[in-house]
Amino acid sequence: MKNILKIAVLGVLGLFIQSCGNGGSSDEKSGAITSNAAERVYVAPGEHDEFYAFLSGGYSGNLTVYGLPSGRMLKEIPVFSQFATNGYGYSEETVPMLNTSYGFVPWGDAHHPDISQTNGELDGRWVFINENNTPRIARISLETFETEEIIEIPHSAGNHSSSFVTENTEYVVAGTRFSVPYPQKDMPINEMKGNFKGPLTFIAVGDDGRMNIDFQLKMPGFNYDLSHPGRGDSHGWFFFTTYNTEEAHTLQEVNASQNDKDFIAAVNWKKIQEYVENGGGEEIAAEYAHNVFDHSTQTATSTMEDKVLTVDPREVEGAVFFMPTPKSPHGCDVDPSGEYIVGNGKLSTDLTVHSFSKMITAIENEDYEGDAYGIPILNFESTLAGTVKEGGLGPLHTEFDGEGNAYTTFFISSEVVKWKLGTWEVLDRQPSYYSVGHNMIPGGNSRKPFGKYMISMNKITKDRFLPTGPELEHSAQLYDISGDKMELLLDFPTHGEPHYAAGIPADMIKSKSQKIYRLDENEHEYAATSESETKMVRDGNEVHVYMTTVRSHFSPDNLEGIKVGDKVFFHVTNLEQDFDVPHGFAMIGANTSELLIMPGQTKTITWEPKKEGVWPFYCTDFCSALHQEMQGYVRVSGQ
Ligand code: CUK
Ligand code: CUA
């Protein structure tokens, strides 16, 4: 019976996807646009947006920065992928950022950005973001808008229920989506049940932002999909949605969802922290890279770590509980008060909301319905705060406006539904174009949401923009949520596949944004901080060129004495100290990218000349009226 229902749901999904491209009348297609929508998203030339929005780039591996309400893209920040625009992941300084225990991995799948918090409110210091494929967490500075640190997550696979932070950024958390042998080993796949684990990793964040893995919780072999921190009274807890609690080794529809309910795992991390501080846990071997970008030397270093502390949740009493939650929950969202934990059961029409205070009472009363995994399973009714009925079909994610309302996305019925916390009554629903994944309200995952705007990040674009062949950018939509009803104001294209996003008032960052690197603070090993320091140094077949660039010449600009078979390092320092005057450097036939060197910065690219001759290089960024004069030659002689 249950499987028939499920097939029906999937049937609806299939029909929906077929129908959404067929358009209908253009009125239906555009949705109800408010008459003065244009004015409300218009940011006059020279004016600035009110909010920054950081959208994950999905399979682009990066993070894109937009202004709201205009929807203008301001920047793409390279994180997990090589980025030819500025040489990230190509330049010698940044190659170590992409080092992993699997070697150099030049690509990633970025899902969930989260801004650092103090007392549960956004503090604008850093954005964290997870890499799903080769498990990693990155930290991006909101002063320089550059990736400062990447830590690999050992023994994890599909780092998806990440990278959310606790109320004072004590931890950034990384949960595994795929359960795996723990530690990895060669074994039959169909013996997975009971033998695979789903490690949840708690990474401590220092005052300077530096990340270090504190402990890894060895959870049963479920899929851990998403997570949210507790806040307010529930600070000290972390909540994770799970699916495939059957531990089926094939997730073909029927196998994976036999259980009517999976769980939200409630983890009392303070208790585990205490346990670990008192010597609890077991150190096990773990190979993982920890990559840090140093701003004074402007160079990244990669260190390979070799162990991790693992904690068996069954050994720490009162640390982990399961709350049964229907229909393979996806998003796990905690409201600003910390009282409500929303499980978005993606194969359901209803939303299940748990109560934190009821959970505590249930734990005190030992109101359990089982402990099949050695972990207490709380009675479903005992933690249930309420159910949002007829929300829609296929709920995925929920955000909050700080006014007692929640906004849930429904993928299958392609809409955003506004409902009231406490009464569970549906207040409004607006279609999305089409099939929305996450939504985001600035501060919507904190104690203090800023409200005003919500964006939906949609999985299917179809007819929203001019056709650009088979491949389209995903569409995002901006809604005004300041009134009773959500008002659709704007469509805008995004980059890659944005999953989640994080938004923050521009004022909280703008004043802190660092504008240039100071030349007198440049401690790069190969910097030439004036033209008098430029030189060419040979060491065997390696040649180091200490080069400077300033409007409108390179120094030195002509190089001789280089041979076929040499490896040439161009260390280029930009002597400019004016804001927004970069220079570029590109070498004919180089099998890396160009460099984009910001004022005061030094960057390095290598070149291995293959052919004799006289070969040009030039500046790629149109930097002055004499930009076209910024060029030079390298004479390459035979061996
Ligand atoms: S997931 Cu993409 S729509 Cu990675 Cu947060 Cu739900
Ligand atoms: Cu320097 Cu163009």
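Student: How do the residues of the shell around ligand 1 divide into nonpolar, polar and charged?

Tutor: Keep in mind that this is a predicted model. Ligand 1 has residues such as H111, H112, L226 and Y500 around it. Sorted by class, that shell comes to 3 nonpolar, 8 polar and no charged residues.

Student: Which strands each supply at least two residues of that shell around ligand 1?

Tutor: The surrounding residues include L396, H397, G437 and H438. Look at where those numbers fall along the chain. The strands that each give at least two shell residues are β27 (395–400) and β31 (436–440).

Student: Zooming out, how does the radius of gyration of the protein chain sit with the globule rule?

Tutor: The chain has 8 helices and 45 strands. For 639 residues the globule rule gives 26 Å, and the chain comes close to that, so it is as compact as a globular protein of that length, with a radius of gyration of 26 Å.

Student: What share of the contacts with a separation of 6 or more joins residues 24 or more positions apart?

Tutor: Two residues count as in contact here if their C-beta atoms lie within 7 Å. Taking the contacts in the protein chain with a separation of 6 or more, the share from residues 24 or more positions apart is 62%.

Methods:
Residues numbered from 1 in each chain as written. Chains lettered and ligands numbered in written order. Predicted model: local features only at pLDDT ≥ 70, side-chain atom pairs only at ≥ 80, totals over all residues. Near = placed C-beta within 6 Å. Helix = DSSP H or I, 4+ residues; strand = E, 2+ residues; numbered from the N terminus. Nonpolar A, V, L, I, M, F, W, Y, C, P; charged D, E, K, R; others polar. Rg over C-alpha atoms; globule rule 2.2 N^0.38 Å.
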